[in-house]
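This report describes a protein chain, from its overall layout down to single residues. Please read it alongside the sequence and the model.

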Amino acid sequence: SALAFTIGQQRPTLMTQNLPGNKELAIRKMRELVKDMKQNSQFDFMQLQEKLNGDIVITIPDQVLFNSGEAAVRPEALPFMEGLSQVITELNRFVRIEGHTDNVPINTTQFPSNWELSATRAVIVVRVLSELFNVPVDHLAAVGYADSRPRNDNLTPDNRARNRRVEVVILEHEPVRPEQQENAPTGDQDIGIPTPPMVPTFGSSPAKK
């Protein structure tokens, strides 16, 4: 359980160069990784999916990566994480790590709610990818969704297990950064505090009465 706080102490160097790689070859490698991990973990809903927009989504059951109610990555999952990091580095793609829970409340000192649990798990996966396996930090993001985006209803133990997951979203396109939005048209894509309306600058001519 101390892994979450010690993963920055060693940074092994990968042989993989940080160059854009062949997408189809990388997807085949990822499918093999998922297949092997799926066979070892016995979770049938672990999968790799290619979206129409070009994104690649790897769905990982929470028990593959974590013990119940914890956020430290299980040592048994590290070989899978290393293989995944190598493919991500080969592709030179941007990646969003999403943490998801079921709707059963958690209330511990470390995790007052499922929001903290899902966000912390996503952050720890990002830290493992970057600090242990050298995925560039500027290519990674972590998001916690708690139980707000379930795959299934939460009415059965099996469905709740399917909702407790980490999704690795390998993006087809680089996300737009705030500094790149300076000349972008305003609209639904803006997230955050809206821009205040234009006001006259000091020294402007007074309005006619």
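Two residues are in contact here when heavy atoms of each lie within 4.5 Å. By that rule, and leaving out residues up to four places away in sequence, I58 touches M30, V34, Q47, L48, L84, V166, E167, V168 and I170.

The model is predicted: local features need pLDDT of at least 70, side-chain atom pairs count only at pLDDT 80 or more, and totals for chains, interfaces and linings use all residues. Residues are numbered from 1 along each chain as its sequence is written, and side-chain values use heavy atoms, with hydrogens and water left out.

**Overall layout**

Helices (H or I, at least four residues) and strands (E, at least two) are DSSP runs, numbered from the N terminus. The protein chain has six helices and five strands, in the sequence order α-α-β-β-α-α-β-α-β-α-β. Among its contacts between residues at least 6 apart in sequence, 72% join residues at least 24 apart.

A residue is called buried under 20% relative accessible area, exposed over 50% and partly exposed in between, with a 1.4 Å probe and protein chains only. Of the 209 residues in the protein chain, 40% are buried. The chain exposes about 12,900 Å², of which carbon and sulfur atoms supply 53%; these areas come from the Shrake-Rupley method with a 1.4 Å probe.

**The nonpolar core**

A nonpolar core is a set of buried Ala, Val, Leu, Ile, Met, Phe, Trp, Tyr and Cys residues joined through side-chain atoms within 4.5 Å. The largest one has 43 residues, and those touching the most other members are M30, I58, L65, I97, V168 and I170. Two or more residues come from each of α2, β2 (56-61), α3 (62-65), α4, β3, α5 and β5 (165-170). Helix α5 contributes the most, with eight residues.

The expected span of a helix is 1.5 Å times one less than its number of residues.

| Helix | Residues | Length | End-to-end C-alpha distance | Expected span |
|---|---|---|---|---|
| α4 | 78-91 | 14 residues | 20 Å | 20 Å |

Helix α4 is largely enclosed by the rest of the structure, because 11 of its 14 residues are buried. After α4 comes N92, with a positive phi near 55 degrees.

At the start of α5, a side-chain oxygen of S113 lies within 3.2 Å of the backbone nitrogen of W115. Just after this helix, N134 has a positive phi of about 65 degrees.

**Two buried loop residues**

M46 sits in the loop between α2 (23-41) and β1 (47-50). Its relative accessibility is 0%, so M46 counts as buried. Beyond residues up to four places away in sequence, M46 touches V34, M37, K38, T59, I60, P61, V64 and F80. The C-alpha atoms of M46 and R165 are 9.0 Å apart, although the two residues are separated by 119 residues in sequence.

D102 lies in the loop between β3 (95-100) and α5. With a relative accessible area of 6%, D102 is buried as well. Its side chain reaches the backbone nitrogen of V104 at 3.0 Å. With residues up to four places away in sequence not counted, D102 touches N114, D147, N154, R160, N163 and R164.

Technical notes:
Polar contact = N/O pair within 3.5 Å; in protein donor to acceptor, adjacent residues only side chain to side chain.
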